[in-house]
Amino acid sequence: MQMNEYLIFGASGLTGNYFLEKVKEKGSSYHLFVRNIFVNEKDSNQTIFSFENIQDFPLSKNLVICLGYPLTFKELLKMDKKTKLEFEKVDFDLVTKIAKKAREIGIKNIAVVSAVGSSLNSYNFYLGTKARMEEQVLKLAFKRTIFVKPGHLLGPRDDSRIDIWVKLIESLGKIYGFFLIGPLKKYRNIHAKEVAEELFHVVNNEKISSHLIEVYES
């Protein structure tokens, strides 16, 4: 059986969709695990999954996870109990569940979209959860582990997810972004397409970003 270059979760999201475009542009082989069928994809290239039912993975070299529970800007700062549970189920439980399954069948490399500022010592639930996820994925000891840690992502979004706070952050980013240099560069707003392209390059050993992507070798 032929091995895919990429096994991708979250291809319908902002970063995941751009990553898939890059994979297709380069003519690389791939398989998608999706919540809903992609009408423009061959059935043989995609598998429906849910949290409760994740089917066996096809042979693949790289696992790429671009999953994330949708949050408003206010929820990034503070979540209620219900939102915390829903967010944790996707960004921690589901991501680590997928990673463990991939490690068990021998997938060598993993790349996960996380968040800038993730820290086990953070008082922010969002950032603390992302850090706990990273910790668990690292314990699985893939040959190569990549964490993508962008700041606020720019790109086309559903209108329901663009409130006054998002507009403010994006407007201010055009002004203060130039002053974020050196170690602060990682906090700049960044277009999701740029993130996806950088991830593709790093997975293929073309370059490693010092402010956006962390790479761990086992």
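**The whole chain**

The structure is a predicted model, in which local features need pLDDT of at least 70, side-chain atom pairs count only at pLDDT 80 or more, and totals for chains, interfaces and linings use all residues. Residues are numbered from 1 along each chain as its sequence is written, and side-chain values use heavy atoms, with hydrogens and water left out.

Of the 218 residues, 45% are buried; buried means under 20% relative accessible area, exposed over 50%, and partly exposed in between (1.4 Å probe, protein chains only). Among contacts (heavy atoms within 4.5 Å) between residues at least 6 apart in sequence, 66% join residues at least 24 apart.

**Helices H1 and H6**

Two packed helices are described by the angle between their axes and the distance between the axes. Select residues 14–25, helix H1, and residues 192–203, helix H6; their axes come within 8 Å and cross at roughly 50°. The axes are lines fitted to C-alpha atoms, for helices over the stretch in contact, and angles run from 0 to 180 degrees between N-to-C directions. H1 and H6 are therefore oblique to each other, given that angles under 35 degrees count as roughly parallel, over 145 as roughly antiparallel, 65 to 115 as roughly perpendicular and the rest as oblique.

Next, show the side chains where the helices meet: the residues of H1 include Leu-14, Tyr-18 and Phe-19, and those of H6 include Val-195, Leu-199 and Phe-200.

Now select Thr-15, which lies in H1 and is buried, with a relative accessible area of 6%. Thr-15 and Ala-196 are 181 residues apart in sequence, yet 5.7 Å apart in space, C-alpha to C-alpha.

**Ser-60 in strand S4**

Move to Ser-60, in strand S4 (residues 60–65). Ser-60 counts as buried, at 5% relative accessibility. Leaving aside neighbours within four places in sequence, Ser-60 is in contact with Met-3, Asn-4, Leu-7 and Ile-107.

**Ala-141 in a loop**

Finally, select Ala-141, in the loop between helix H4 (125–139) and strand S6 (144–148). Most residues other than glycine have a negative phi. Ala-141, although not a glycine, has a positive phi of about 55°. At 36% relative accessibility, Ala-141 counts as partly exposed.

Key:
Helix = DSSP H or I, 4+ residues; strand = E, 2+ residues; numbered from the N terminus.
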